[in-house]
Structure formats: C-alpha cells, structure tokens
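Biologist: I am new to this model. Please walk me through how to read it.

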Amino acid sequence: AKEVVNIASAAPLKRKIQVSGADGCQPGTMQQALSEIQNLNAQLSEAKEALNTVENNIRHDLSTRWVASLQSLQLSMMQQQKEQEECAAQLHARRMLLHERQSD
C-alpha cells in the first residue's frame, strides 16, 4: 500500500519514483492496495458529504432559532410599548382629574 500511495502521489507531478522493494511487488498486491485506496477515497467522500449535511442542518437550525428569537423580541417590545402607552394614558387621566379638582 505504501508503494501505491507513493506512486499515486507522484502521478500528478508526472514523474516516476523508485520505492525500495517495489521491483518484487506482485500485481495482486498492487491491485489490492489500489482497491483499498479507492475504498478509502469513497469513504472519505461519504464522510465529507455527511459533514456537509450536518453543517447545513446546524445552519438551518440556528437560522430558525434566530428568527424565532427575533420574533419573540419583537412581540416583547410591542407588549412593553403597549404597557407604556397605557401607563402614560393613566397618568394623563390622573393629571387631568387632579387639575379639575384643583380648579374647583
């Protein structure tokens, strides 16, 4: 397997490399090593795809929670504004009542 990895890594550079002990390497052993590398490559691709799926799910979940939090904040702020307006109206009514009593 080491020989195949060394040869495969040199392939993009278009140069040959000599690996000690490669001269006596049997074709079946090379084929097994190549199959193992292809299998590992397929597993790596599957793992990357699974990781991308998990990342996308997490991003979606975070976005959904963020929107829900913003909506909750908006409702809370609207409720607080309504309460402030009611308090202001009550205060105005009390002042008007007090002013009427003082006028009498």
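Modeller: Start with one residue. Arg-65 is exposed, at a relative accessible area of 54%. Buried means under 20% relative accessible area, exposed over 50%, and partly exposed in between (1.4 Å probe, protein chains only).

Biologist: What should I know about the source of the model?

Modeller: This is a predicted model: local features need pLDDT of at least 70, side-chain atom pairs count only at pLDDT 80 or more, and totals for chains, interfaces and linings use all residues. Residues are numbered from 1 along each chain as its sequence is written, and side-chain values use heavy atoms, with hydrogens and water left out.

Biologist: With which residue does Arg-65 meet in a salt bridge?

Modeller: The general idea comes first. Side chains of opposite charge can pair when their charged atoms come close. A salt bridge here is a side-chain nitrogen of Lys or Arg within 4 Å of a carboxyl oxygen of Asp or Glu. Arg-65 pairs with Asp-61, at 3.2 Å from N to O. Asp-61 is partly exposed, at 34% relative accessibility.

Biologist: How many salt bridges does the structure hold?

Modeller: It holds 2. Glu-55 and Arg-59 form a salt bridge too, with their closest N and O atoms 3.0 Å apart. Both lie in helix H2, 4 residues apart, about one turn of the helix. Glu-55 is partly exposed at 35%, whereas Arg-59 is exposed at 52%.

Biologist: How many helices and strands are there?

Modeller: Helices (H or I, at least four residues) and strands (E, at least two) are DSSP runs, numbered from the N terminus. The protein has 2 helices and 0 strands. Helix H2 covers residues 27-103, and Leu-73 lies in it.

Biologist: How much of the protein is buried?

Modeller: Of its 104 residues, 4% count as buried. Leu-73 is partly exposed, because its relative accessibility is 45%.

Biologist: Where is pLDDT under 50?

Modeller: pLDDT is the predictor's confidence in each residue, from 0 to 100. Its mean here is 83, and 74% of the residues reach 70 or more. Over residues 15-19 it stays under 50. Where pLDDT is low, the predicted coordinates should not be read in detail.

Methods
Contact = heavy atoms within 4.5 Å.
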